[in-house]
Amino acid sequence: MSAKKILIIGLVWPEPTSSAAGTRMIQLVDLFLQKGCQVTFASAASKSDFSFDFSHTSVVEESIKLNDESFNLFLQKLNPDIVLFDRFMVEEQYGWRVQQECPDALRILDTEDLHSLRSARQQSDKKQSEIDLFSDTAKREIASILRCDLSLIISEVEMKILEETFKIDLSLLYYLPFLENEITEESIKNWTPFEERADFVFIGNFLHEPNWNTVQVLKTKIWPALRKKLPGVNMNIYGSYASQKVLQLENKNEKFFILGRATDARQTISKHRILLAPIQFGAGVKGKFIDAMQVGTPSITTSVGAEAMKGSLDWNGFIKDDLVDFIEKAILLYNDKTVWSVAQQNGIKIINERYSSTHFADSFISVLENLDIQKHRQHNFIGQILNHHTMQSTKYMSLWIEEKNRK
């Protein structure tokens, strides 16, 4: 991989302190840099105060435009070996231009999580109806997967849905979870002990609908019962982009606190005894649980929250969908040091066996190095058809906007 030119096109500039998606992107960038690649990160989005600072790395940053031929000129000049699209919406916007200007570049889609799955579950929860996976969003997302040479999937459940429900050939999918440092004896020594921890914590980016919904469940269904059983304990809610509707849930008398953005998620979680996350819908793998396990904080969540995270291992706490059971286990885990310590040990096992970068990084790079792109594309004939037509509606809409912008 040494000296290969990699272009990453971001939907946004990554914010690892705001979301798991930001953390995931920085892990991929770090991996490519470790392997000696030349990485260019480009985005049409504006930077925020929380965008990752690439200045201490060799990453080249490029501000690009949507629906503009300047991107084609940029591609011609850079001539990347690999182009990674950050989510399917980015592939829709730029994929046809990449195919046109750099037909031999390996095109990778980082799905982050399956947006169509999350959206379908959200609609199902809202309407209290059966989950309909075959939405317009799914058609767009699956088309994007088929147009790319490889799609990175973060969850084994999503791998199964893509293979069995949507009949996607496994040669187009690559399971790549979070790439974490193993938890060592040294790091365990620095963890805050049970006795010095207090309160419950929830953390999540509020631009993400499942997080907002989870806080509402905590406020209305979990905390009223829980605070009566544990009267001296606080419920601390952290998260970036907390709007007025989130902030107004705070009630000091009820010890329900909305504390906004955490500068360091792991450090914040490490002070608390338990992470509570009664997640009702969503997809992918939840970064908040990875963070909690990395600092020895047990958690209680639902089957959707823990989905695809633990494999056959025991959870670092409890998985309960029934809210009465959820509250009972929260009380037990909060008060019983022995149960709490077992949960903590389970978390160490999950991280070290299922998310250690040493298990995944080298084999992923090896796949990229050894992929015969011509043979691979011949095998994916549906993808060739889609690329032949190149989602003409998307292409010509883009060209129309480009033409309109000239006037």
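Predicted model: local features only at pLDDT ≥ 70, side-chain atom pairs only at ≥ 80, totals over all residues.
**Entry 1: Ser270**

I started with Ser270 and placed it in helix α10, which covers residues 265-270. Is Ser270 buried or exposed? Its relative accessible area is 13%, and the cut-off for buried is under 20%, so I recorded Ser270 as buried.

I then looked for a polar partner of the Ser270 side chain. A polar atom of that side chain lies 2.6 Å from the backbone oxygen of Gln267.

Next I listed the contacts of Ser270, leaving aside neighbours within four places in sequence. Ser270 is in contact with Thr192, Arg197, Val295 and Thr297.

**Entry 2: the sheet**

I turned to the open sheet of 6 strands and wrote down its order as β10-β9-β8-β11-β12-β13, with parallel pairing. Which strands are at the edges? I found β10 (256-258) and β13 (317-319), each of which pairs on one side only. From one strand to the next, the twist averages 20°.

Within this order I checked the pair β8 and β11. Strand β8 (residues 200-203) and strand β11 (residues 274-277) run parallel and are joined by 2 bridges. For Phe200, I noted Ile274 in β11 as the bridge partner.

**Entry 3: His388**

Last I looked up His388, which sits in helix α16 (residues 381-389).

Methods: Residues numbered from 1 in each chain as written. Heavy atoms only, no water. Helix = DSSP H or I, 4+ residues; strand = E, 2+ residues; numbered from the N terminus. Buried < 20%, exposed > 50% of the residue type's maximum accessible area, 1.4 Å probe, protein only. Polar contact = N/O pair within 3.5 Å; in protein donor to acceptor, adjacent residues only side chain to side chain. Contact = heavy atoms within 4.5 Å. Pairing = 2+ DSSP bridges. Axes fitted to C-alpha atoms, helices over the stretch in contact; angles between N-to-C directions.
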